[in-house]
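Me: I would like a close look at one part of this model, and then at what surrounds it. Please keep it plain.

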Amino acid sequence: MIEGVFNGETLTLGIESTCDETGAALVAGKTKLIANVVATSMDQYARYGGIIPEIASRAHLESFLPVVTSALEQAGVKLEDIDRIGVSGGPGLIGSLAVGIAGAKALALALHKPLYGVNHVIGHLAVDQLASEEMLKLPAVGLVVSGGHTNLLYIEDFAAPGGIRELGGTLDDASGEAFDKVGRILGLPYPGGPNVDRMSQQGTLGAIDFPRGLSGAKYAKSHPYDFSFSGLKTAVARYIASLEASPEARSHPEFTEDYQATRQGKPWLPVADICKGFSESINDSLVSKTLKALQDTGAKTLVVGGGYSANSRLRSWLAEACPEIGVTLRIPPLKFCTDNGAQIAAITAEIADRLEPSRPDFSPVSALDLTRVMV
C-alpha cells in the first residue's frame with residue numbers, strides 16, 4: 001500500500017456487473033476515490049441494436065480479473081489491503097449479476113473479508129459523494145434516470161430501515177429507453193440515446209411540439225410524481241410516418257421504402273427538430289415533476305444519477321432551475337453517469353459501518369426494489 005495515501009481509512013473494493021460494463025473501484029473512507037476501472041462490451045451490440053444478455057455475461061467473465069487487477073495496480077495496493085467488498089446485487093441482468101457476485105464471493109472468502117450485495121441504482125446516487133468528496137446533505141430528493149429506470153426517491157438515510165422512499169416512477173418506458181427507441185426509429189447509430197441528444201442540440205426549440213405524458217390537472221393528484229414516455233414514442237413514430245407518407249417525400253428522388261437507411265439527414269425528414277422536440281418533452285416532464293417533489297417534500301438537495309443524467313438538456317435545465325428555488329444540485333461528472341465500480345464502492349462505504357454484511361448464500365435480484373439498499 002502506498003504510504004500515507006489512506007491515513008488509516010477503510011479501503012472498500014466495489015465491483016459492478018449489472019449489464020454491459022464490468023467495473024472495479026477502490027474508495028478510501030467514504031469520499032476518496034483512488035482507483036476506477038471500467039471495461040465495456042457496448043461495441044459488441046451495435047449489430048444487434050441492443051444488449052444481448054448471453055454476450056454480456058461472457059464479457060463479464062472475461063473482464064472480471066483484468067479489471068480488478070488493474071484497479072489494484074492503479075491504487076498501488078494488494079488484495080490483502082482491502083477491508084471490505086461491495087458488489088452489485090441488483091437490479092440488472094440476472095446472468096451478468098451472477099458473474100460479478102460469484103467473483104466477489106470468491107474474493108471475500110479467500111481474503112476473509114465482509115461482502116455486501118448492494119443496490120446498483122442507489123449507487124448511482126451515492127457516487128456523487130466521490131465526485132465532490134463531500135457527503136450528501138440529507139434529506140434529499142433523488143432522480144434516477146437510465147435505460148431501465150426513471151424514478152423519484154426521497155432519501156433521509158441510506159442505511160436506516162425506511163430511509164429511502166419511492167415517490168414515483170415511470171409507468172412504461174424509462175427515459176433512456178425511450179431515447180434509444182426513438183434513435184432506432186430515426187435510423188441513428190446504436191446506442192440511440194447519445195445520438196438523439198447530439199442531434200437535438202442542432203434542432204430548433206418549438207419547431208415541433210410533442211405531448212407531455214401524465215401532465216396537467218387531470219393527473220396532478222393521481223400521478224403527481226409518475227412519468228409516462230410510451231405515448232411520446234408513439235407520437236414521434238406517427239409524426240415520422242405522416243411525413244414519409246406525404247407527396248413531397250414520395251416524389252423526392254432520394255426517397256426509398258428502406259426507412260432505416262434513408263431517414264437520417266434526408267430533406268423530407270427534419271431529424272434535428274424531431275430530436276429537439278422529443279428531448280424537450282421528456283426533459284420537461286423530468287424537471288417539472290422533480291421540482292414538484294422538491295417543493296412538496298421541502299428537501300434542499302437534489303441528487304441525480306444514471307446513464308441518462310449525461311443528457312445535456314437535463315443537466316442545463318436543472319442547473320438553471322434548482323438555484324431559483326434554493327436547492328443544491330448534485331449531479332456527477334459524465335464519467336460517473338454510466339455503470340461503474342465507483343458507484344458500488346460508494347454506496348458500500350456509506351452503509352457498511354451500520355449494516356451487517358450480506359448472507360454468504362445471497363443471490364442476485366434482477367428486479368431489486370429501489371427502497372432496499374442491500375440484498
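How do the axes of helix α5 and helix α10 cross, and within what distance do they come?

Reply: The model is predicted, and everything below is computed from it.

Helix α5 covers residues 175-185 and helix α10 covers residues 271-297. Their axes come within 11 Å and cross at roughly 175 degrees. Angles over 145 degrees count as roughly antiparallel, and α5 and α10 are therefore roughly antiparallel to each other. On the α5 side the contact involves Ser 175, Ala 178, Phe 179 and Val 182. These meet Phe 278, Ser 279, Ile 282 and Leu 286 in α10.

The model has four aromatic pairs by the ring-centre rule. One of them joins Phe 210 and Tyr 239, with 5.8 Å from centre to centre and 85 degrees between the planes, an edge-to-face arrangement. Phe 210 lies in the loop between α6 (192-200) and α7 (230-244), while Tyr 239 is in helix α7, so this pair ties together parts that are 29 residues apart in sequence. Phe 210 is buried, at 5% relative accessible area, whereas Tyr 239 is partly exposed at 27%.

Charged side chains also sit over rings in two places. The charged end of Arg 313 is over the ring of Trp 317, 4.2 Å from its centre. That of Lys 105 is over the ring of Phe 362, at 4.8 Å from the ring centre.

Next come the strands, starting with β6. Strand β6 spans residues 140-145, and six of its six residues are buried. In a regular strand the side chains alternate between the two faces of the sheet. For β6, one side carries Ala 140, Gly 142 and Val 144 and the other carries Val 141, Leu 143 and Val 145; both faces are covered. Strand β7 (residues 150-155) runs antiparallel to β6 and is joined to it by six bridges. Strand β9 (residues 301-305) pairs with β6 in the parallel sense, over four bridges. Leu 143 takes part in both pairings: it stands opposite Leu 152 in β7, and its bridge partner in β9 is Val 304.

A further group of strands makes an open sheet of five, in the order β3-β2-β1-β4-β5, with mixed pairing. The edges are β3 (32-40) and β5 (115-119); each has a single partner strand, so one side of each is left without a neighbour in the sheet. Neighbouring strands here are turned by 20 degrees against each other on average, direction ignored. Within this sheet, β1 (residues 11-16) and β4 (residues 84-90) pair in the parallel sense over four bridges. Leu 13 stands opposite Ile 85 in β4.

Helix α12 (residues 341-351) lies across β1, β2 (21-28), β3, β4 and β5, and runs at about 135 degrees to β1.

Key. Residues numbered from 1 in each chain as written. Predicted model: local features only at pLDDT ≥ 70, side-chain atom pairs only at ≥ 80, totals over all residues. Heavy atoms only, no water. Phe/Tyr/Trp six-rings, centres within 6.5 Å; stacked < 30°, edge-to-face > 60°. Helix = DSSP H or I, 4+ residues; strand = E, 2+ residues; numbered from the N terminus. Buried < 20%, exposed > 50% of the residue type's maximum accessible area, 1.4 Å probe, protein only. Lys NZ or Arg CZ within 6 Å of the ring centre and 35° of its normal. Pairing = 2+ DSSP bridges. Axes fitted to C-alpha atoms, helices over the stretch in contact; angles between N-to-C directions. Contact = heavy atoms within 4.5 Å. Parallel < 35°, antiparallel > 145°, perpendicular 65-115°, else oblique.
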